[in-house]
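Morning, everyone. Please bring up the sequence and the structure, and we'll walk through them together.

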Amino acid sequence: YTTKPGGHGEHWQDHWVQCVFPFNKPPRLNAGQTMTVTSYHNHMNIWFDGNVPLSPASKDKKRARAPEEGLAATQCSCGWHLLHSVDRLLMVNDKRRSRLFEAEVAEAMKVVLALQSAPHERAIVLDVGDASVLGLAAGHYLQGERRKRQNKGNADKEILVVSKESKLLSRLFYDKLGGANGLDDTFYCWDGEDFSEALSFFEDDEGEGERGEGNMVVERQLKIAALISDTYHFQMSAKPIWQMLAFHYKRTAVAPLLLPGAPIVPSRARVMACAFELIDLYVSHGVNGMVSGFDHSHLDDRQGEWQQYWLPYKLADYQKKAVCEPVELHMVDLASEMVTLPAHTMEMPVIATGRLDCLAVWVDYGGFGQGQGEEEGGWLESFGPGNYPEEPAHVDFPPYMKVTLRFFPYAQQQVVGEGHTVTVTSSFTVGASDLDIKFELKGI
């Protein structure tokens with residue numbers, strides 16, 4: 001069975017991609033040389049090595065690489081590669097994205113330090129993103145500020161940080177990161193199940209309550225001084241709208257626990273859409289038929305209506321052309337509780353001649369910099385310049401970002417130009433797991 005393209009009857013499908021394995025020590029090749037690739041495997045990994053054997057005519061034996069018996073795969077020593085996918089690693093190494101989120105968390109912590117809570121309330125910062133470093137960043141900032149105030153003789157009530165990590169491996173890893181950064185007593189990884197566990201972890205030896213009016217014991221309450229997330233969730237990474245909605249549902253669920261004025265990071269989101277011509281992806285799930293003697297007609301029957309579904313793609317990997325300007329479908333106030341978004345229709349005039357293949361939908365996050373004087377805050381723009389530092393003017397999505405696509409029916413995959421308009425109608429009802437989005441092409 002092969003996916004090799006080139007007219008050999010393999011019925012190539014564009015959503016199948018090849019794997020790339022970078023060599024640890026890439027050999028240098030000259031024209032006419034032959035490269036030998038050796039594969040290795042164990043019960044968990046498969047890896048490769050390449051070397052250039054000495055040609056019979058060569059007399060320079062020192063330049064030849066001898067075969068390396070039992071060459072082992074490069075082992076991860078940091079833990080991140082075992083925990084994260086390649087896309088997540090690219091995301092956390094995106095300096096523009098990381099700096100925006102970390103700067104906003106620092107601004108949020110300034111607000112947290114100014115919040116007032118009752119004596120019987122224990123204030124926490126809650127990070128609800130999966131495999132997120134924002135909780136660690138918040139804890140590190142609060143720890144530094146507390147030390148500064150203690151050095152000046154000011155005793156502050158401790159503000160604790162809880163990071164929700166549903167996966168055991170992730171909890172173990174981030175617990176160790178917290179300990180390595182001196183946050184053992186103020187940082188806790190919570191599994192997302194019983195919230196009282198977080199409270200019991202931070203309880204001191206003086207009892208489970210505080211003395212209140214009339215010397216009565218008042219039960220200690222956990223209050224959220226800030227809710228933060230970089231909106232990444234392991235099980236929803238393929239659908240950007242799902243990730244945004246997951247964060248908003250969590251923000252709504254913890255509303256009774258929020259202290260008045262508690263900052264929410266990120267505080268805003270906008271659902272964006274754009275129509276594209278896909279140079280080499282216009283058939284996502286083609287008909288297979290017979291492949292290398294195997295009958296795939298049953299698979300063809302099952303996926304025959306693939307154009308009716310929203311499909312995730314890393315569009316940065318594909319050649320494409322925007323035939324419309326991106327438009328904002330909905331603005332979402334993440335700092336407030338979730339509300340129903342009534343049906344809203346947007347018209348996208350076609351601005352470039354091209355084949356109308358799909359509608360792409362994604363989410364931008366905003367509100368960054370509000371504490372630094374920006375009235376509405378800046379936006380982390382997903383489709384635009386700045387995603388590739390080596391090519392600052394290059395307009396594209398980040399290489400790790402999955403965008404949700406819905407392909408136009410074959411009958412509408414036609415060349416369009418000025419005078420055509422794509423209309424998009426979208427809505428959302430509280431309790432739903434996705435936005436309801438419908439679109440169509442209108443002619444002159």
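Lys321 is partly exposed, at a relative accessible area of 33%. Here buried means under 20% relative accessible area, exposed means over 50%, and partly exposed lies in between, using a 1.4 Å probe and protein chains only. Now, which residue forms a salt bridge with Lys321? Glu277 does, with the closest N and O atoms 3.8 Å apart. This pair links distant parts of the chain: Lys321 sits in strand S14 (residues 320–322), Glu277 in strand S10 (residues 268–278), and they are 44 residues apart. Glu277 counts as buried, at 12% relative accessibility.

A word on what you are looking at. This is a predicted model: local features need pLDDT of at least 70, side-chain atom pairs count only at pLDDT 80 or more, and totals for chains, interfaces and linings use all residues. Residues are numbered from 1 along each chain as its sequence is written, and side-chain values use heavy atoms, with hydrogens and water left out.

Back to charges. A salt bridge is a side-chain nitrogen of Lys or Arg within 4 Å of a carboxyl oxygen of Asp or Glu. By that rule there are 11 salt bridges. Take Glu107 and Lys110: their closest N and O atoms are 3.2 Å apart. Both belong to helix H3 (residues 95–114), and because they are 3 residues apart there, about one helical turn separates them. Glu107 is buried, at 15%. Lys110 is partly exposed, at 44%. Another pair is Lys438 with Asp436, at 2.8 Å between the closest N and O atoms. Asp436 is partly exposed, with 38% relative accessibility. Then there is a network: salt bridges with shared partners join Arg88, Arg97 and Asp230.

Next, the whole chain. How many helices and strands does it have? The count is 8 helices and 23 strands. Helices (H or I, at least four residues) and strands (E, at least two) are DSSP runs, numbered from the N terminus. Of the 444 residues, 43% count as buried. Contact means heavy atoms within 4.5 Å. Among contacts with a separation of 6 or more, 74% come from residues 24 or more positions apart.

Now the sheets. Two strands pair if DSSP finds at least two bridges between them. Leu126 stands opposite Leu227 in S8.

Another open sheet has 3 strands, S16-S22-S23, and its pairing is antiparallel. The edges are S16 (341–349) and S23 (436–442). S16 and S22 (residues 421–428) are joined by 7 bridges. Glu347 stands opposite Thr423 in S22.

Last stop, the core. In soluble globular proteins, nonpolar side chains tend to be buried together. A nonpolar core is a set of buried Ala, Val, Leu, Ile, Met, Phe, Trp, Tyr and Cys residues joined through side-chain atoms within 4.5 Å. The largest one here has 98 residues. Which residues have the most contacts inside it? They are Val125, Leu315 and Leu405. Leaving aside neighbours within four places in sequence, Val125 is in contact with residues including Met109, Leu142, Val161 and Ala226.
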